[in-house]
Amino acid sequence: MLRLEKRPAPSRAWTAATPVLAVVLTMIAGGIMFALLGKNPFEAIRIIFWDPLFHESFAAYSRPQLLVKAGPLILIAIGLALGFRAGVWNIGAEGQYIMGAIAGASFGLAFYPSESPLIFPGMIIAGALGGWAWSMIPAILKTRFRTNEILVSLLLVYVAEKFLASAATGFLRNPEGHGFPGSRNLSRIESMNNPELISGTGMHWGIVAAFIAVITAYVLLNKHVLGYQIKLAGQAPRAARFAGVNPNRLIVLCLGMSGALAGLAGLFEVSGPAGQISIDFNVGYGFTAIIVAFLGRLHPIGILLAGLLMALTYIGGELAQLMLQIPAPAIQAFQGMLLFFLLAVDVLSTYRIRVKKEGVA
Amino acid sequence: MMGIDPITLIVALITVSTPVLLAAIGELVVEKTGVLNLGVEGMMITGAVMGFVVAVNTGSPTLGFLAGMASGMALSLIFGVLTQMLLSNQVATGLALTLFGLGLSALLGVGYPGSTPPPVSDPFPAAMAEIPVIGPILFGHSLIIYLSVLLVAAVWYVLGYTKVGLIIRAVGENHDAAHALGYKVIRIRLMAIMFGGACAGLGGAFLSVVRVQNWVDGMTAGAGWIALALVVFASWKPWRALLGAYLFGGVTALQLRLQAAGINIPVEILAMSPYVITIIVLVIMSSDKSRTALNAPAALGKVFHATG
């Protein structure tokens, strides 16, 4: 009979190895899923994980996409991870992403057709503020009324989606768009464009921001007292309170940071790769970022790697759709599976598995 | 502007509420055993697609409902094994279940949008449903709706007045004490989790087969999360969950009528209202310190690891 024995401290070796193990297990389970769909599993896995980077005819298009997709995922996941570490569960990043995009785009479009170089920086600030403001709703309700932030932040995603529909068909609609929904194309307006900075790499300001966020979060968690408080509050909430950590302040800070980062991600997306505010410009990065945060072990460097891997599954998924006619949602199920396996093998890092003989006292 | 007929509104309210009610009553039992399963949305949507696919292919709504229940249960079992045996974090695992369920359901439902499910017959003769006023309200529904109310009554009775209910509550209040008394904490929780999964799956199947009569990607649109909110609103009391579900259904049905009637409020504001009102209700409930503190199961969301 197998039994679990708690380790005095999580095993460092397993903590690093479990994400890799989870990816391997997901490839196996995903392979089975593709086989059930009547596709060659080996080919499917190769197309998803190898071809986007190394295929002679697709890689030229796919490689830059890696950064384009990883940027928002990393940016959002870094913010979420800070909260998750402190036990603050913001799962409404998708809504904050939408509100950031709307706020930033509104700021820019309000000055249309001005060509001032200050417009894009202003949009960035407005985007961060939009996401921050949206995340302050669950923060204030949590600190004032003890309302569960998980449910409020999530329900606000649906509210944000309705607001997005109203923006795309109403106050942000392109007046020269012949009545079609969707705003002006920001990426075609010089003063509002978030351009590709180095041609052929996919690098844009959002990815620069993601790298800055990774470094800042790393310093914050390892060198700053706030990072210490975040870790303490998550691991030993009572001890944290005795140590003078104000839980409400931490809730407001964590939700605020993750909201602002999600808002930034939304703004960079809408002014760059997506190009415009449309009813469905958001593609669920806010939710996938939750997987990225956990896959990266809530650690900034881990999140960087996990974001790149998850971006790869997006691009590989599109490629698999094209080459093998694997339905698009299969990739979403695949990503969900990854989180399952990760959580399942996590037991190895916090517990030791011991074989116990039945009946021995 | 057209008037809104109160009787059709009440009939619509009951239909709209039922999927959420089923999911909420299942989750209520799960939470009573001290487990927080945030995967309700994922189980509901998987139940919706499986129920729909099976009902369309077999021509039997009953088989569809059973398939919805079975698929919800199967998904909940993944959650159960992960959280109870592999001791994973319940919040993260529940989220994983929802993300996985949304992807899986979209995958299973490829090619099904637009199919017509078989009609569901009503248990009462049509003549009874034609009685003015009370006819359509009391006798004009499909069997699942009556079952959902019976289920609320059963859960209320079992939790409050039977030994099984006492054990469930003991496990949810203090799993270490329950374990010391010899109760199989993990087994009891697994059974509750599967019950919750079956309820959520049935709710989903009802949504696709009876209420919408179609399959649309992401059609639950947050109903699973609203069910979770309802459990808090209900202070873990079954009849209050029914009240909450009907209140939510009333708001949803009313806003749909108002949209159809072309009232002078933007459609988006109306469409937001069920979510906004759910948040407001949550705030009101949680601001009352004594009430939430007294009723929330004390071991809710905590990991149980038997050391003895």
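# A walk through a predicted two-chain model

In chain B of this predicted model, confidence is lowest in helix 14 of chain B (residues 289-295), where the mean pLDDT is 64. Confidence in chain B is highest in helix 2 of chain B (residues 40-58), at 94. Across chain B the average pLDDT is 87, and 96% of the residues score at least 70. Where pLDDT is low, the predicted coordinates should not be read in detail. For the model as a whole, the ipTM is 0.86 and the pTM is 0.89.

Now turn to the contact between the chains. Chain A gives 39 residues to it, and chain B gives 38 residues. On the side of chain A that touches chain B, the elements giving two or more residues are strand 1 (2-6), helix 6 (119-145), helix 7 (149-171), helix 12 (285-295) and helix 14 (329-345) of chain A. By class, that side of chain A has 29 nonpolar, 6 polar and 4 charged residues.

Leu82(B) sits in helix 3 of chain B (residues 61-85). Leu82(B) has 24 other C-beta atoms within 10 Å, so it is buried. Setting aside neighbours within four places in sequence, Leu82(B) contacts Phe340(A), Leu343(A) and Ala344(A) in chain A, and Ser88(B) and Thr93(B) in chain B. Val171(B) is 89 residues from Leu82(B) in sequence. In space, their C-alpha atoms are 18 Å apart.

Helix 4 of chain B (residues 90-108) can be checked for length. The helix has 19 residues, which at 1.5 Å a residue should span 27 Å. The C-alpha atoms at its ends are 26 Å apart, which agrees. Of those 19 residues, 18 are buried, so helix 4 of chain B is largely enclosed by the rest of the structure.

Tyr246(B) lies in helix 12 of chain B (residues 238-261). Phe233(B) is 13 residues from Tyr246(B) along the chain, and their C-alpha atoms are separated by 12 Å.

Gly160(B) belongs to helix 7 of chain B (residues 143-161). With 12 C-beta neighbours inside 10 Å, Gly160(B) counts as exposed, because the class takes in residues with 12 or fewer. Between Gly160(B) and Ala55(B) there are 36 Å in space, C-alpha to C-alpha. In sequence the two are 105 residues apart.

Gly83(A) is placed in helix 4 of chain A (residues 59-86). Around Gly83(A) are 29 other C-beta atoms within 10 Å, so this glycine is buried. Which residues does Gly83(A) contact, leaving aside neighbours within four places in sequence? They are Val88(A), Trp89(A), Asn90(A), Cys254(A), Leu255(A) and Ser258(A). Ile251(A) is 168 residues from Gly83(A) in sequence, but their C-alpha atoms are 7.7 Å apart.

Next comes a pair of helices in chain A. Two packed helices are described by the angle between their axes and the distance between the axes. Helix 8 (residues 205-223) and helix 9 (residues 225-235) of chain A pack at an angle of about 75°, with axes 5 Å apart. That angle makes helix 8 of chain A roughly perpendicular to helix 9 of chain A. Helix 8 of chain A makes the contact through Leu220(A), Leu221(A) and Asn222(A). Helix 9 of chain A brings Leu226(A), Gly227(A) and Lys231(A). By class, the residues of this contact are 3 nonpolar, 2 polar and 1 charged.

Finally, look at two loops of chain A. Arg297(A) is in the loop between helix 12 and helix 13 (300-324) of chain A. Though not a glycine, Arg297(A) has a positive phi of about 60°. Arg297(A) counts as buried, with 20 C-beta neighbours inside 10 Å. Gln325(A) lies in the loop between helix 13 and helix 14 of chain A. Gln325(A) is not a glycine either, and has a positive phi of about 55°. Its setting is exposed, with 10 other C-beta atoms within 10 Å of Gln325(A).

Methods: Residues numbered from 1 in each chain as written. Chains lettered and ligands numbered in written order. Predicted model: local features only at pLDDT ≥ 70, side-chain atom pairs only at ≥ 80, totals over all residues. Contact = placed C-beta atoms within 7 Å. Helix = DSSP H or I, 4+ residues; strand = E, 2+ residues; numbered from the N terminus. Nonpolar A, V, L, I, M, F, W, Y, C, P; charged D, E, K, R; others polar. pLDDT = per-residue confidence, 0-100. Axes fitted to C-alpha atoms, helices over the stretch in contact; angles between N-to-C directions. Parallel < 35°, antiparallel > 145°, perpendicular 65-115°, else oblique. Expected span 1.5 Å × (residues − 1).
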